[in-house]
Amino acid sequence: MITPKYIESEVCAAVKIESAALLNKSRKTEILTPRKIVIYLQRKALDMPYEKIGRRYGKHYRTVMTGIEATRKSIDKGNVKIARIAKKLPIDLRNFLSAGLTDAQTEALRVPAVRVTALHKKPRKDSIWSDKS
């Protein structure tokens, strides 16, 4: 049975953080992204009222509404961070993240994400990409 605590515990287990970390005001990506996913899942899976979600996480209900919409758009665009977390979730929760997505976007939740390195970084001196001329 899916409950708010179940959603919190599964998402936290997937990213290896404590459930209490979701309740603090941190805006670090490693806390913010799981919190956004938890809020999104609580609304989609349990149809929890925005006000109740907002009280739980210390947010105004309008902030919760905006965050849920932004998370939905990120999922639709195939956000890599969300996809990585979604792959680690149990199938019952993953289905709520993939509902309404195209087949290609749903496939992105199944396939391991490839780490992309920044192209603007200077190559290391011992790198095969460095100029040795």
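User: What volume does the second largest pocket have?

Analyst: Read a pocket volume first, then its lining. This is a predicted model. Its second largest pocket has a volume of about 160 Å³.

User: Which residues line the second largest pocket?

Analyst: The lining is made of Val15, Thr29, Glu30, Thr33, Pro34, Val80, Lys81, Arg84, Ile85 and Lys88. Two elements, α2 and α5 (80–87), each give two or more residues to this lining.

User: How does the lining of the second largest pocket divide by class?

Analyst: There are 4 nonpolar, 2 polar and 4 charged residues.

User: Now the largest pocket. How much space lies in it?

Analyst: About 250 Å³.

User: How many residues line the largest pocket, and which lie nearest its centre?

Analyst: The lining has 13 residues. Nearest the centre are Leu32, Lys36, Lys59, Thr63 and Gly67.

User: Which elements each supply at least two residues of that lining?

Analyst: Helices α2 (29–46) and α4 (61–77) do. The most comes from α4, with 6 residues. By class, the lining of the largest pocket holds 5 nonpolar, 3 polar and 5 charged residues.

User: On to single residues. Is Gln42 buried or exposed?

Analyst: Look at relative accessible area; buried means under 20%. Gln42 has 1% relative accessibility, so it counts as buried. Gln42 sits in helix α2.

User: What does the side chain of Gln42 make a polar contact with?

Analyst: With the side chain of Tyr57, at 3.2 Å.

User: Which residues is Gln42 in contact with, leaving aside neighbours within four places in sequence?

Analyst: Setting those neighbours aside shows what the fold brings together. For Gln42 the list is Pro4, Ile7, Glu8, Asp47, Met48, Ile53 and Tyr57.

User: Let me try Val64. Where is its place, and is Val64 buried or exposed?

Analyst: Val64 is in helix α4. Its relative accessible area is 3%, so Val64 is buried.

User: Which residues does Val64 contact, leaving aside its neighbours within four places in sequence?

Analyst: Ile39, Tyr50, Ile53, Gly54 and Lys59.

Terms used. Residues are numbered from 1 along each chain as its sequence is written. This is a predicted model: local features need pLDDT of at least 70, side-chain atom pairs count only at pLDDT 80 or more; totals for chains, interfaces and linings use all residues. Side-chain values use heavy atoms; hydrogens and water are left out. On a 1 Å grid over the protein atoms alone, a cavity is a set of points where a 1.4 Å probe fits but cannot get out, and a pocket is an open set with protein on both sides within 12 Å along at least five of seven lines; lining residues have an atom within 4 Å of a point. Grid points are joined across faces, edges and corners, and a volume is the space filled by probe spheres set on the points. Helices (H or I, at least four residues) and strands (E, at least two) are DSSP runs, numbered from the N terminus. Ala, Val, Leu, Ile, Met, Phe, Trp, Tyr, Cys and Pro count as nonpolar, Asp, Glu, Lys and Arg as charged, and the others, Gly among them, as polar. Buried means under 20% relative accessible area, exposed over 50%, partly exposed in between (1.4 Å probe, protein chains only). A polar contact is a pair of N or O atoms within 3.5 Å; within protein, one must be able to donate a hydrogen and the other to accept it, and residues adjacent in sequence count only if both atoms are side-chain atoms. Contact means heavy atoms within 4.5 Å.
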